[in-house]
Amino acid sequence: MKNVKKFFPLLLSFGILLMDQLSKNWIVAHIPEDTVGYSLFGDFLRIVHVTNNAVAFSLGSSLSQNIRSVLFILVPILVLCFILYLMYGKDSEVTPYQRWLLAAFLGGGMGNLWDRLFRGFQVVDFMENRVYGLFGLEFWPVWNLADATLVISGCLLLLSMLAKSLHSRSKNSKNEH
């Protein structure tokens, strides 16, 4: 049963993929592209419908389709395979908590990759936050659930790796004295 339990985090991956795709399908069906559908809390959060043929902040949108295919489809597939290796490889040293974070990251990555593969290379983005001039921006670039999952799980994973490293160093220095 222990071996089966370590695969439970993959349910999170598929849950995130499902929620991401359901939310994007709803946006596509109910809000015309390049329009604001709803404004919440004044206009602090706007639900919009835009598509992005690049990555975060539209980086790479001016690249040729062939280069974007390699960078935005092939590389993410390799990264997702590497994440699976980290989670389940023979020499895996991730903690159960890190396995759940990697699973969340995997789900977010699959959500945007799914769009690239099945929405004509267009990732659907739909949440836009007012940032009141932060970094010279009135609104933060539009994002989706997959993006949010990637950022949150990625940050938590880095923090957990840092904490694990600091704990190991502390433990090793105590053993040396």
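Two strands pair if DSSP finds at least two bridges between them. Strands here are DSSP runs of E, at least two residues long, and helices are runs of H or I with at least four, both numbered from the N terminus.

Before you click: this is a predicted model, where local features need pLDDT of at least 70, side-chain atom pairs count only at pLDDT 80 or more, and totals for chains, interfaces and linings use all residues. Residues are numbered from 1 along each chain as its sequence is written, and side-chain values use heavy atoms, leaving out hydrogens and water.

**Stop one: the sheet.** Select strand 2 (residues 45-52) and strand 3; six bridges join them, and they run antiparallel. Zoom in on Asn 52, whose bridge partner in strand 3 is Val 123.

**Stop three: helices 3 and 4.** Select 65-88 and 96-118: the two axes come within 10 Å and cross at roughly 160°. (Axes are lines fitted to C-alpha atoms, for helices over the stretch in contact, and angles run from 0 to 180 degrees between N-to-C directions.) The pair is therefore roughly antiparallel, the word for angles over 145 degrees. Show side chains too: among those meeting are Phe 72 and Leu 80 from helix 3, with Leu 102 and Phe 105 from helix 4.

Technical notes: Angles under 35 degrees count as roughly parallel, over 145 as roughly antiparallel, 65 to 115 as roughly perpendicular and the rest as oblique. Contact means heavy atoms within 4.5 Å.
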